[in-house]
Amino acid sequence: LFDGVYPFYPQQRKAAGFDISTIIVIVVFLTLACSFVLITPGIRGRARLYWTLRVLLSLFVGVVIVVVQFTGDWETGWVQANTSYKSFSPVQVNAHIGLHIGLAGLNVTLRGNPVKQLNETINYNEHFPWSFGQDYDLSYSQGLHKGLPSPILYVAEKFSSQSPCAVHRQYRIAGHYASATLWVAFCTWVISNILFSMPVLVYGGYMLLVTGAFMIFSLLSFSTVRNSPMCLIQIGTSTLHVAYGASFWLLLAVGLLCFVAGVAIVAMHHLNLDLLKTFFDLHEDKAEECQEMPEVFINPHFVSKGL
């Protein structure tokens with residue numbers, strides 16, 4: 001690699017759905033899950049079921065918090081239309097145009113229907129980053145120099161900083177703060193797992209509530225972009241509309257799951273502590289608690305003095 005780029009090949013494009021970062025995170029968490037499952041036969045009784053349920057649910061929450069940072073479907077939209085393929089050309093093609101918005105940027109896809117048209121393969125996926133440290137306008141300018149198809153440049157231009165739509169700054173800041181709050185949620189998720197491994201279960205429940213709260217805060221941060229009116233993306237005679245995507249709804253579901261689990265743990269701590277300790281395999285044996293000492297040695301000197 002030369003400065004992180006292959007020396008004789010163009011840099012790999014970021015996929016609209018699953019990119020390399022997402023796959024790496026999923027593989028790491030799947031490896032942890034498989035490692036924990038392999039040792040479950042060594043756990044006796046019902047504790048095996050409780051332990052497996054706790055670990056898998058906890059890993060699921062963790063992988064969702066990390067994965068949605070890299071996905072590009074917080075908002076999605078697509079449209080099928082007859083549109084011009086190249087600038088200054090009256091020739092039109094029938095294609096699917098898709099828009100995939102994530103925290104770090106957006107992907108614009110263009111796929112012909114059929115793919116082979118005009119003696120060309122119409123199948124494009126272009127990424128335009130806007131995260132801090134990245135220059136969206138530079139990526140857009142490079143797309144102009146490369147001669148990308150007109151529909152891709154038209155959609156990407158709507159989100160540039162020079163566009164009259166004026167949504168570039170909103171998306172950039174909202175994505176930045178949503179990502180930051182998600183990393184805080186990941187830290188509180190780690191702390192909650194540490195607390196659950198100690199006899200302070202109620203504090204683990206509190207931290208689980210905090211984790212869910214920061215996940216909801218990230219969703220609210222991203223939702224602030226809806227406060228600005230979105231320009232119409234008119235392609236041919238059709239309009240491309242965007243709506244919340246799978247990552248947004250998945251994070252909302254997991255955040256609510258953390259709230260429900262946290263409330264249940266806190267309630268069980270005050271209503272049925274023994275059941276809570278049994279579920280977390282921290283229930284002490286009552287026989288050991290009530291065990292009496294077999295022998296008691298008394299100093300006769302103190303007994304004789306009535307002490």
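Y203 and Y206 sit three residues apart in helix 6 (residues 201-223), so about one helical turn separates them. Helices (H or I, at least four residues) and strands (E, at least two) are DSSP runs, counted off from the N terminus. Keep in mind that this is a predicted model: local features need pLDDT of at least 70, side-chain atom pairs count only at pLDDT 80 or more, and totals for chains, interfaces and linings use all residues. Numbering starts from 1 along each chain as its sequence is written, and side-chain values use heavy atoms, with hydrogens and water left out.

**Aromatic pairs**

- Rings of Phe, Tyr and Trp (its six-membered ring) pair if their centres lie within 6.5 Å; planes under 30 degrees apart are stacked, over 60 edge-to-face, and the rest tilted.
- That rule gives a count of 17 aromatic pairs.
- Take W130 and F159: their ring centres are 6.3 Å apart and the planes meet at 40°, so this pair is tilted.
- (Buried means under 20% relative accessible area, exposed over 50%, partly exposed in between, using a 1.4 Å probe and protein chains only.)
- Back to Y203 and Y206: they make an edge-to-face pair, 6.2 Å centre to centre with 70° between the planes.
- Y206 has 37% relative accessibility, so it's partly exposed.

**Salt bridges**

- Side chains of opposite charge can pair when their charged atoms come close.
- The cut-off here is a side-chain nitrogen of Lys or Arg within 4 Å of a carboxyl oxygen of Asp or Glu, and searching the whole structure turns up two salt bridges.
- One of them joins the side chains of K86 and E120 at 3.1 Å, N to O.
- This pair bridges distant parts of the chain, 34 residues apart, with K86 in the loop between strand 1 (75-84) and strand 2 (92-101) and E120 in strand 4.
- K86 is partly exposed at 44% relative accessible area, and E120 is partly exposed at 25%.
- E126 and K146 also meet through their side chains in a salt bridge, at 3.6 Å, N to O.
- E126 belongs to strand 4 and K146 to helix 3, so the pair ties together parts 20 residues apart in sequence.
- E126 counts as buried at 10% relative accessibility, whereas K146 counts as exposed at 56%.

**Polar contacts**

- A polar contact is a pair of N or O atoms within 3.5 Å; within protein, one must be able to donate a hydrogen and the other to accept it, and residues adjacent in sequence count only if both atoms are side-chain atoms.
- K116, in strand 3 (residues 105-117), is exposed at 62% relative accessible area, and its side chain makes a polar contact with the side chain of T121 at 2.7 Å.
- Q69 is in the loop between helix 2 (47-67) and strand 1 and is buried, at 8% relative accessible area; its side chain makes a polar contact with the S179 side chain at 2.6 Å.

**Annotated spans**

- An unreviewed UniProt entry carries the annotation "transmembrane region" for residues 20-39, 51-71, 91-110, 177-196, 202-222 and 242-268. UniProt positions follow the numbering used here, feature names are shortened, and annotations may be inferred rather than shown by experiment.
- In the model, residues 91-110 are 0% helix and 80% strand, with the end C-alpha atoms 16 Å apart.
- Residues 177-196 are 100% helix and 0% strand, and the end C-alpha atoms lie 29 Å apart.

- The peptide bond from N113 to P114 is cis, with omega near 5°, and P114 lies in strand 3.
- L118 isn't a glycine, but has a positive phi near 55°; L118 is in the loop between strand 3 and strand 4 and is partly exposed at 41% relative accessible area.
- A166, also not a glycine, has a positive phi of about 55°; A166 lies in the loop between helix 4 and helix 5 and counts as partly exposed at 45% relative accessibility.
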